[in-house]
Every structure is written in structure tokens, then in C-alpha cells.
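User: I would like to go through this model with you, a few residues and contacts at a time. Please keep the answers plain.

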Amino acid sequence: MLGAPAPIGRTARGSGSVTALERHPAAPFVGLPPFSPETDPLEIIGWALATHPDLVMPSAFNLNGVVLIDLAVRAGYAGEVVFVDTGYHFPETLATRDRLAARYPELQFVTLNAGAYPEDGQTPDNLYACDPDACCAVRKVAPLQQYLRGKAPSALLNARSRDQASTRAEIAFVEDGNARRKINPLAHWTRQMLEAYAAEHDLPVNPLYFDGFLSVGCWTCTRAVRAGEDARAGRWAGKGKTECGLWDGAGQL
Ligand code: SF4
């Protein structure tokens, strides 16, 4: 269905019309190529590597993230994959990280807050239940923000896609922020396309996915998705929260 990968899009650099962003401080001579919703993610990643060779990829190893890792390696990415251990991850998620690290030795898998555990004193007991925003801020957002302040990459490669949730329905291939650019090559890929790619390439998908955990976060805050719900409906269900704060809100990356 997905066909052969398109040529890496370095030839698009600087060509065509600039559609959304004129300039970025980290890449002052490069405008956006004329990407369309049908643009192959490999082309987006190729452009990202050429434009932001210092880019970094955060990941939680969900289906989107696993597909993006494989595509990025095919496009020539050999940088870091940064994961934040909140202390509340499912064992299956940690095992998925380890399987990916074994499969892609050209990547550097970085685990922040490694060895965290629920009773480590970083947050009060049950903070995830009474104030999940505060818990995410301490256990997830702060470690990654601190790491990125040190590394200061000009861009992040991210796996979010529009059909994950209504709150992500407008995600663009490229988002500019105050600190760095965010590049989302899978923005227009559907869950069916991701599943087909993962199956075709025999990717090590988190086994919880096949039990209905279409988006897997901490075990304290994730349930399986029910029929008719979107892929992220199982995250913080019933708590009025849809994002951890990495990609949305005041502390976003
Ligand atoms: S997802 Fe839940 S347990 Fe994990 S950091 Fe956020 S609030 Fe805390």
C-alpha cells in the first residue's frame, strides 16, 4: 500500500514555494519545501536531516513512534532516541524500548530518569490521581526539558499524527516554537497506514497495542481503548486531560 520509498527529499531543499514558515533561526537559509498531505514521510525526514542535522527524537515507543524510528533509520538518522522513564511505565513498554535498541544499533537510546519508581519521592503518593498535570510536569516534562536545554537541538522529530485524537487534528508537518522546531513526518498517516507499515516491516510493536492500548503511557493513567473511541481516549480517561504537556501547554517542548 505504501509502495517504495520516495527519494529522500534533499533536492526539495530551498526549492518551490514557502508554504507556512519563511525562516527559522537555526536554518536561516532554508524555507519549507511544498509538502502536501501525500508527501512521503521519508521525504519529510530527509529534509529534516538536511536542515536540522542536530535534531533529536523523543519517543514513548507507541505504534507511531516505532514506525517513525524505522523510517528515520531508513532515511539515515543515526542520532538519539530519548525516552523519559516516569517510574510508572508498563514492563511491556520498557521491553519494547530494549527490543528497539537491539534492532537499531545505529541509534543511541537515551533513558532519562532511569530507574525511577513510584515510591522514589519525586512526587507525593498518588499525585497522578489527584493532580496528573503536576505529576506529568515533574516526572515527564521536566526531565526532558532539562535534557534539551543541555543539548539545545534546533529541532525535534516527533511521531504525532492527526487521527490520534481530535486535539491533534490540525498537526502540521512542521511546527515552530520559541525554543526549537518540531517536525512531524507522520502527521497525515492514519492508524491503518501505521499498522500496515509495522506489519510489512515486522516492527517490534508494544504488545499492549494488540490488547487495545492504542496509546500507551503510564500504567496508572492508561486503559484500553473502547470501540468507537480515538486512539488516545485511554490516556487519563475521565480526568479531563488529553496531553502530558510535552507537546501542548505552557511547558511544551
Ligand atoms: S502519565 Fe500519569 S503517572 Fe505518568 S507522569 Fe503523567 S500523571 Fe504521572
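User: Is E229 buried, partly exposed or exposed, and why?

Analyst: E229 counts as partly exposed because it has 14 C-beta neighbours inside 10 Å. By the cut-offs, a residue is buried with 20 or more other C-beta atoms within 10 Å of its own, exposed with 12 or fewer, and partly exposed in between, with C-beta atoms placed from the backbone. Please note that this is a predicted model, in which local features need pLDDT of at least 70 and side-chain atom pairs count only at pLDDT 80 or more, while totals for chains, interfaces and linings use all residues. Residues are numbered from 1 along each chain as its sequence is written.

User: Where is E229 placed?

Analyst: E229 is in the segment after helix 6 (191–200). Helices (H or I, at least four residues) and strands (E, at least two) are DSSP runs, numbered from the N terminus.

User: How far is E229 from A165 in space?

Analyst: Their C-alpha atoms are 9.0 Å apart, although E229 and A165 are 64 residues apart in sequence.

User: Changing topic, what surrounds the ligand?

Analyst: The ligand has 13 residues around it, and the closest are Y128, C135, C136, C218 and C221. A residue is near a molecule or strand if its C-beta atom, placed from the backbone, lies within 6 Å of it.

User: Which helix gives the most to that shell?

Analyst: Helix 5 (residues 132–151) does, with five residues. By class, the shell has eight nonpolar, three polar and two charged residues. Here Ala, Val, Leu, Ile, Met, Phe, Trp, Tyr, Cys and Pro count as nonpolar, Asp, Glu, Lys and Arg as charged, and the others, Gly among them, as polar.

User: Last one: which residues of helix 1 and helix 2 meet?

Analyst: In helix 1, P41, L42, I45, G46 and L49 meet L71, A72, R74 and A75 of helix 2; contact requires C-beta atoms, placed from the backbone, within 7 Å. The residues of this contact divide into seven nonpolar, one polar and one charged.

Methods
Two residues are in contact if their C-beta atoms, placed from the backbone, lie within 7 Å.
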